[in-house]
Amino acid sequence: MTRTLIIAEAGVNHNGSYELACRLVDDAAEAGADIVKFQTFVPELTVSATAPKAAYQTRNDGAGSQLDMLRGLSLTFDEHRRLRDYCAARGIEYLSTAFDMPSIELLASMDCRLWKIPSGEVTNYPYLVKIASMGRPVIMSTGMCTEAEIDDAIGVLTGAGLDRSLITLLHCTTEYPAPPADVNLRCIPAMRSRYGLPVGYSDHTRGIEIPVAAVALGAPVIEKHFTLSRDMPGPDHRASLEPAELSAMVSAIRNVEAALGDGRKRVAASEAPNRAVARKSIVAAADIRRGEPFTDSNLTTRRPGDGLSPMLWPRIIGTPAPRDFAAGEQITLQ
C-alpha cells in the first residue's frame with residue numbers, strides 16, 4: 001500500500017499570530033496529517049507597494065493593497081524557527097513555502113527536508129534556480145500553468161542541477177474556493193503520463209470529496225488549506241477546512257489508499273468464508289434413481305456452494321447417477 005503524503009496547509013491562516021500558528025500545528029498533528037505547511041516571506045520583498053489584491057482576497061479580506069495585507073499576515077524569521085521546533089515536539093513535519101530569496105536562505109538554514117514551490121513562482125527563473133541549487137526534493141504546484149510553462153520550469157530546475165527524480169508536481173486550480181467544474185482531476189493521470197513524474201493534488205475546493213477522489217486517481221501527495229475557523233478574517237479562511245473536517249479528510253484518504261490495494265484480483269481473506277454461503281451446488285431437482293442419466297430436467301442448483309460446482313454441469317449431463325438421490329440432495333459423483 002502506497003501511503004499518501006498529506007500536507008495540511010496552514011499558510012497564513014494564523015493571521016500573523018505565532019500563538020494561532022501553534023494551535024494550527026496542534027490541529028494538524030491531531031488530525032493525522034504528515035506535514036503542516038506555512039508561508040515564509042518578507043512582505044516588502046514579495047510584492048510591490050502598488051500590487052493589487054486578487055479578487056478573492058478582496059472578497060474575503062476587504063479592500064487594500066497586497067502589501068498591507070501581507071504585512072498583517074507575516075511571521076518573523078525567529079517565529080518560523082520556533083514553529084519548526086514546536087512541530088518537532090508535536091511529531092509533525094514543518095514545511096514552509098518561501099516567497100523571496102532571504103526566506104529561501106532561512107529555510108535552508110533550518111534544514112527543511114523539502115522545498116514547496118507555489119504556483120505563483122513557477123515562472124520566476126531566479127527563484128527556481130535558487131531552489132534547484134539546494135539539491136533537495138521539490139514539490140511544485142502548477143495552478144494557473146500551461147503545459148509549456150511546466151515544461152520550462154522543469155527545464156530550469158534540472159538545468160540548474162536538480163535531479164529530475166526529486167521533482168513532484170501538484171495539479172492545482174488557483175482560486176479560493178475553486179469551482180469543482182474547473183478542477184479537471186483527469187489532469188493527474190495525464191500529467192503523470194506526460195512528465196513521467198509523481199503528480200499529486202493541491203486542493204482549493206470546499207469540502208473533502210475532491211482531494212479524496214484525487215487519491216483514487218493516484219495522487220501520492222495531497223495539500224489542503226485548513227483553519228481554526230472559516231469565520232476568521234483573512235484571505236484564505238473561507239476556502240479552508242476546519243479541524244474536524246481536516247480529520248475527516250485524513251481518515252477518508254487513509255481508507256481510500258487502503259482500498260486501492262495492489263490491483264491483483266484474488267479472494268480477500270474477509271470474503272473467503274462467504275464463498276460457500278453465497279454460491280450454489282448442483283442438486284437433484286427430483287428423485288433420481290441409481291443409473292438414471294443426469295439431465296437438465298432432473299438437476300438444478302441451490303445454495304450452499306460447498307458441493308459440486310455448477311461449472312461442472314456440462315461434464316455430468318448424460319452420465320449415470322452413481323446412487324439414488326432424493327430431491328434437493330447435493331449431487332456427488334461417487
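1. A pocket, as the word is used in this note, is an open set of points on a 1 Å grid over the protein atoms alone, with protein on both sides within 12 Å along at least five of seven lines, and its lining residues are those with an atom within 4 Å of a point. The model is predicted, so that local features need pLDDT of at least 70 and side-chain atom pairs count only at pLDDT 80 or more, while totals for chains, interfaces and linings use all residues. Residues are numbered from 1 along each chain as its sequence is written, and side-chain values use heavy atoms, with hydrogens and water left out.

2. The largest pocket has a volume of about 720 Å³, where a volume is the space filled by probe spheres set on the grid points, which are joined across faces, edges and corners. It is lined by 33 residues, of which Gln39, Tyr56, Gln57, Phe99 and Tyr176 are the closest to its centre.

3. Helices (H or I, at least four residues) and strands (E, at least two) are DSSP runs, numbered from the N terminus. At least two residues of the lining of the largest pocket come from each of strand E2 (35–40), helices H2 (43–46), H3 (55–61) and H4 (66–71), and strand E8 (221–225), and the largest share, three residues, is that of H4.

4. The second largest pocket, with a volume of about 210 Å³, has among its lining residues Thr142, Met144, Cys145, His171, Cys187 and Arg194. Helix H9 (187–195) is one of the elements that each supply at least two residues of this lining, and H9 gives the largest share, four residues.

5. Strand E8 deserves a separate look. Five of the five residues of E8 are buried (under 20% relative accessible area, with a 1.4 Å probe and protein chains only), so E8 is largely enclosed by the rest of the structure. Both of its faces are covered, with Val221, Glu223 and His225 on one side and Ile222 and Lys224 on the other.

6. Two strands pair if DSSP finds at least two bridges between them. E8 pairs in the parallel sense with strand E1 (residues 5–11) over five bridges, and with strand E7 (residues 199–203), also in the parallel sense, over three bridges. Lys224 in E8 is the bridge partner of Ala8 and is likewise the bridge partner of Asp203. From E7 the chain crosses through helix H10 (residues 209–216) to E8 in a right-handed β-α-β crossover (with the strands pointing away from the viewer, the path from the first strand over the helix to the second runs clockwise).

Terms used: 1 Å grid on protein atoms, 1.4 Å probe; cavity = no way out; pocket = protein on both sides within 12 Å on 5 of 7 lines; lining within 4 Å. Buried < 20%, exposed > 50% of the residue type's maximum accessible area, 1.4 Å probe, protein only.
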